[in-house]
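Try each task before reading its solution.

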Amino acid sequence: MLERASAGVIYFVATLPTPLVEPAIKRAVTFVDGQNLYRSVKEAFGYHYPNYDLQKLSEAVCQSRGWNLTQVRFYTGVPDATDDPRWNHFWVGKLAVMGKTGIEVFSRPLRYRNDRVVLPDGRTHTFLRGSEKGIDVRIALDVIRLAIRNEYDVAVVFSQDQDLSEVADEIRAISRLRGRWIRIACAYPVSPTTGNKRGINHSDWIQIDRNMYDACIDPTDYR
């Protein structure tokens, strides 16, 4: 808003904000919620264990939009070896290989609690349930932190967790404050069997079909 004076009269002239310059080459970083992606893949394509090759899948998604992939980040909870040795072995092996290939890995032990269910005959059964805590918070913090550090132009989040819609709002605010073109996209699998076909609100949606996913399967079964 510019203030001008003429013949003793003060008036204001509205000015439009300067358009943000869209970079010709866009740097992209992928942020992958491992368990969220696995559940979505299982529902869409029927695979019963996390068989994705994250480097290949991240490259395929970014190449489909003409983005330059600069970093892959992976987040997951890992079960305790004494509670679930099979899946603990799986994740220890898969995460080790990811780290060797340059993927930034963030893992946390699952937190356990006793849950009780009532059986059809009226008896109760108590079992130990593991759950992830803090994964979505860590993804949100990293998306914002890397945006502030100017480490990407596009954040590609592999998750359909709507709690991350607030992160999308923050990225737009950072873009305005810094005067820099920044976007957040949401990549997720879809098929006729997919119930939830929505990406994260206020983000650009990228749907992964069967052909794209099957071209990015990890041939090693760490089970």
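Helices (H or I, at least four residues) and strands (E, at least two) are DSSP runs, numbered from the N terminus. The expected span of a helix is 1.5 Å times one less than its number of residues. This is a predicted model: local features need pLDDT of at least 70, side-chain atom pairs count only at pLDDT 80 or more, and totals for chains, interfaces and linings use all residues. Residues are numbered from 1 along each chain as its sequence is written, and side-chain values use heavy atoms, without hydrogens and water.

**Exercise 1.** Find how far helix H1 reaches from its first C-alpha to its last.

Solution. H1 covers residues 34-45, which makes 12 residues. Its reach is 16 Å, close to the 16 Å expected at 1.5 Å a residue. Just after H1, glycine 46 has a positive phi of about 85 degrees.

**Exercise 2.** Decide how enclosed H1 is.

Solution. Buried means under 20% relative accessible area, exposed over 50%, partly exposed in between (1.4 Å probe, protein chains only). Nine of the 12 residues of H1 are buried, so the helix is largely enclosed by the rest of the structure. Among them are Leu37, Tyr38, Val41 and Phe45.

**Exercise 3.** Trace the strand partners of S9.

Solution. Two strands pair if DSSP finds at least two bridges between them. Strand S8 (residues 154-158) pairs with S9 in the parallel sense, over four bridges. Valine 154 has arginine 183 in S9 as its bridge partner. On to strand S10 (residues 204-208): five bridges join S10 to S9, and the two run parallel. Here proline 189 has isoleucine 208 in S10 as its bridge partner. Strand S9 (residues 183-189) is mostly covered, with six of its seven residues buried.
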